[in-house]
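Here is a briefing on selected features of one protein chain. Please keep the sequence and the 3D view at hand while reading.

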Amino acid sequence: MFQLTCPGRQCVKNDVLSGLTVALALVPEAVAFAFVAGVEPLVGLYGAFMMGLITAIVGGRPGMISGATGAMAVVMVSLVATHGVQYLFAALLLTGAIQGAAGVLRLGKFIRLVPYPVMLGFVNGLAIVIFLAQLQHFQAPGSGGQPEWLSGEPLWTMLGLVALTMAIIQFLPRLTNAVPAALAAIVVVTLLVLGLDLDARSVVDVLRDMSGDPQASIAGGLPSFSIPSVPWNWETLEIILPYSLVLAGVGLIESLLTLSLIDELTETRGRGNRECIGQGVANTVNGFFGGMGGCAMIGQSLININSGGRGRLSGIAAALFLLIFILFASGLIEQIPIAALVGVMFMVVLATFEWAIFHMIGKVPLADILISVLVAAITVVADLAIAVLVGVIASALVFAWEHAKQMRADSYIDENGAKVYELHGPLFFGSVQHFQDLFDPRNDPDEVIVDFYDSRVADHSGIEAIDNLAERYQRHGKTLHLRHLSPECRDLLEKAGGLVEVNMMEDPRYHVADDRLA
């Protein structure tokens with residue numbers, strides 16, 4: 001059921017004010033990501049507006065903010081540089097269709113397969129990325145037009161304003177929760193800079209430095225509908241399909257991981273499949289209305305949650321405030337000191353980074369710590385989707401290795417002089433070598449019994465290992481008996497099938513992952 005916000009005026013006030021705070025922080029982020037993608041600032045702002053509005057209405061996670069993101073911008077830049085912005089809009093149409101299909105096919109549930117160490121690395125990696133992205137604001141164009149680090153009075157002014165912003169956000173909630181601390185900090189620092197006429201860089205300064213246009217502004221009109229001006233043929237599909245697949249994957253991974261984080265913070269549960277559909281609809285609309293698309297934004301979502309925003313109204317308010325800035329209030333927003341917004345983002349970094357990872361050292365398996373560090377590092381230097389994929393693969397390999405070490409056997413000589421091996425642990429591709437090392441066909445007696453009562457054969461590698469074991473004993477002229485194997489195992493065994501002792505009362509029944517049974 002669609003619920004705009006929780007009952008009561010307090011919820012409405014919290015959602016609206018937190019939405020305003022998010023909208024203020026969205027402006028420089030959207031502009032910066034637009035330049036990363038190689039498109040006009042208004043394309044980034046329109047993208048943030050449409051992503052935020054549509055996912056807030058259609059998406060599966062109230063309180064989560066979507067907009068133009070760096071993770072998707074770095075994928076777009078090559079397409080825009082090579083073929084132009086119209087091909088980006090066409091690619092967004094296909095991206096939206098892929099994401100919508102993922103939601104309809106209920107693929108959002110697979111986010112549950114992402115292990116906690118990977119989630120930890122994802123969060124810490126994004127915190128570092130957000131931090132590094134703010135450092136560009138400590139630079140200004142030098143005499144040669146190249147960015148140079150601030151020094152002297154401008155640097156101290158910037159640091160002082162950032163510190164004041166962070167202090168207000170940290171300590172104001174101890175006095176009152178009437179307004180979001182981040183919003184209060186932005187207003188106070190802006191008034192302080194204007195009142196004292198401080199030499200501090202503002203939003204419009206950053207916009208003009210990035211664009212190289214001394215008249216640049218965030219002012220604009222309403223986004224208008226248009227079909228991307230590209231040839232609608234097979235060649236165009238071949239161009240945009242690879243980009244659309246990557247954009248859809250990156251967008252869904254970042255959105256669903258952010259959804260999981262917001263679930264944890266709010267102790268509620270979002271709907272992953274609905275969020276996939278919401279992201280798809282939003283990116284499709286961006287393709288028709290000239291936005292750069294995007295996905296969920298972990299930084300803005302945390303600003304919203306920490307400012308009290310919980311309902312869909314917070315995301316709707318953020319998007320509408322952003323549109324109001326573009327249409328009517330660009331002059332006011334452009335005067336906001338960039339230091340205030342940097343301070344807000346630094347507080348987001350501190351809240352996002354999982355400092356508990358340092359306390360985990362020595363208390364959790366070393367492999368988990370290394371996987372978290374690996375995912376964080378790849379997130380910073382490469383790409384979010386690659387980082388998560390590598391992390392999941394590494395976690396799966398660690399899981400397989402640990403389970404492979406569980407393969408063991410208790411052996412004894414029974415009353416008939418036969419040697420009995422009682423196996424424990426799963427027999428699969430990872431434990432095959434451990435399984436083979438348990439046996440000594442050369443020195444074992446003529447009768448050998450392998451009991452699988454406490455073991456399970458999981459895949460074709462396990463079946464091959466049993467066949468190979470039977471062949472080893474046959475070469476030494478000895479008889480091998482296999483007990484407590486499932487019917488499927490007996491059907492799949494080629495060389496050892498006749499050695500299985502069938503006990504209908506005790507034999508287990510389970511399935512083996514093998515194509516011959518498909």
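The model is predicted. Helices α6 and α7 meet through a contact with no charged residues.

- Leu427 has Val457 of β7 as its bridge partner.
- Helix α18, residues 432-437, belongs with β6 and β7 to a β-α-β unit, and that unit is right-handed.
- Val450 is bridged to Leu482 in β8.
- From β7 the chain passes through helix α19, residues 460-475, to reach β8. This β-α-β crossover is right-handed.
- Side chains alternate along β8, residues 479-483. Leu480 and Leu482 point to one face and are buried.

**Helix pair α6 and α7**

- Helix α6 is residues 152-171 and helix α7 is residues 181-196.
- Their axes come within 8 Å and cross at roughly 145°.
- The crossing of α6 past α7 is right-handed.
- From α6, the contact draws on Leu161, Leu164, Thr165, Ile168 and Ile169.
- From α7, it draws on Ala181, Ala182, Ala184, Ala185, Val188, Val189, Leu192 and Val193.
- The contact residues divide into 12 nonpolar, one polar and no charged.

**Leu88 in helix α4**

- Leu88 lies in helix α4, residues 85-104.
- Leu88 counts as buried because its relative accessible area is 0%, and the cut-off is under 20%.
- Leaving aside residues up to four places away in sequence, Leu88 touches Val39, Met76, Leu79 and Val80.
- Leu332 is 244 residues from Leu88 along the chain, and their C-alpha atoms are separated by 31 Å.

**Gln134 in helix α5**

- Gln134 sits in helix α5, residues 116-134.
- Gln134 has 3% relative accessibility, so it counts as buried.
- Beyond residues up to four places away in sequence, Gln134 touches Glu29, Val342, Met345 and Phe346.

How values were computed:
Residues numbered from 1 in each chain as written. Predicted model: local features only at pLDDT ≥ 70, side-chain atom pairs only at ≥ 80, totals over all residues. Heavy atoms only, no water. Axes fitted to C-alpha atoms, helices over the stretch in contact; angles between N-to-C directions. Helix = DSSP H or I, 4+ residues; strand = E, 2+ residues; numbered from the N terminus. Left-handed = near helix turned anticlockwise from the far one by under 90°. Contact = heavy atoms within 4.5 Å. Nonpolar A, V, L, I, M, F, W, Y, C, P; charged D, E, K, R; others polar. Buried < 20%, exposed > 50% of the residue type's maximum accessible area, 1.4 Å probe, protein only. Pairing = 2+ DSSP bridges. Right-handed = clockwise from strand over helix to strand, strands pointing away.
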